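A short report for a first-time reader would do.

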Amino acid sequence: RSAPWFVLTPRGFLYAPGGMSPGFVRWEDVTGLRETEIVSGRGRQSPQLERVLAVGLRDPSKYSAGYNPMLGALVRLGGQLYAAQTDGPADILINPADFGARYDEIRARMEALHAEARR
């Protein structure tokens, strides 16, 4: 049995597509959630705009520290590239395709739990 790739709780969430994850992200470390578009070539012949849920983190290095050095460097570079595309923090990108028809439900629940944690 493989480990879950997405877990959502009142304390935070774990998102591990492809088995890679920064670990359990606590809501108090999340500075914002917003839906945006990025240029992506994932699984396509040419790059296209792809909708994502961008998660901003108070201290991204706290979460990227768990990656091996090469992967950590790629994650930091990717975060900078995505932040430039999205005009804001994009430390974790959640792909709607991973959730299929339940994406809107997951996004709404994440937004509600994040708002609750900020109170």
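In this predicted model, strand E1 (residues 6-9) pairs with strand E2 (residues 12-15) in the antiparallel sense, over four bridges. The link from E1 to E2 is a hairpin of two residues.

In general, the strands of a sheet pair through backbone hydrogen bonds, in either a parallel or an antiparallel way.

The largest nonpolar core has 18 residues, and the residues with the most contacts inside it are Phe13, Val30, Val55, Ile92, Ile94 and Met110. At least two residues of this core come from each of E2, strand E4 (30-40), strand E5 (48-57), strand E6 (92-94) and helix H3 (103-118). H3 gives the most, with four residues.

Leaving aside neighbours within four places in sequence, Val55 is in contact with Phe13, Val30, Gly32, Leu33, Pro89, Ala90, Asp91, Ile92 and Ile94. There is also a second, separate core of five residues, with Val52, Ala54, Ala90 and Leu93 among them.

Two single residues can be set side by side.

| Residue | Location | Relative accessibility | Contacts |
|---|---|---|---|
| Met20 | loop between E2 and strand E3 (25-26) | 47% | Tyr15 and Leu71 |
| Arg107 | helix H3 | 18% | Glu35 and Leu53 |

Are these residues buried or exposed? Buried means under 20% relative accessible area, and exposed means over 50%. Arg107 has a relative accessibility of 18% and therefore counts as buried. Met20 and Val75 are 55 residues apart in sequence, and their C-alpha atoms are 11 Å apart in space.

Helix H2 comes last. H2 (residues 69-86) has 18 residues and reaches 25 Å from its first C-alpha to its last, which is close to the 26 Å expected at 1.5 Å a residue. Which residues of H2 are buried? They are Gly72, Gly78, Gly79 and Thr86. These residues lie on the same side of H2, because they cover an arc of only 125° around the axis. The buried residues of H2 pack against E4. On the other side of H2, the exposed residues are Pro69, Met70, Leu74, Gln80 and Ala84. After H2 comes Asp87, which has a positive phi, near 55°.

Key
Residues numbered from 1 in each chain as written. Predicted model: local features only at pLDDT ≥ 70, side-chain atom pairs only at ≥ 80, totals over all residues. Heavy atoms only, no water. Pairing = 2+ DSSP bridges. Core = buried A, V, L, I, M, F, W, Y, C linked by side-chain atoms within 4.5 Å. Buried < 20%, exposed > 50% of the residue type's maximum accessible area, 1.4 Å probe, protein only. Contact = heavy atoms within 4.5 Å. Expected span 1.5 Å × (residues − 1). Arc of directions from axis to C-beta.
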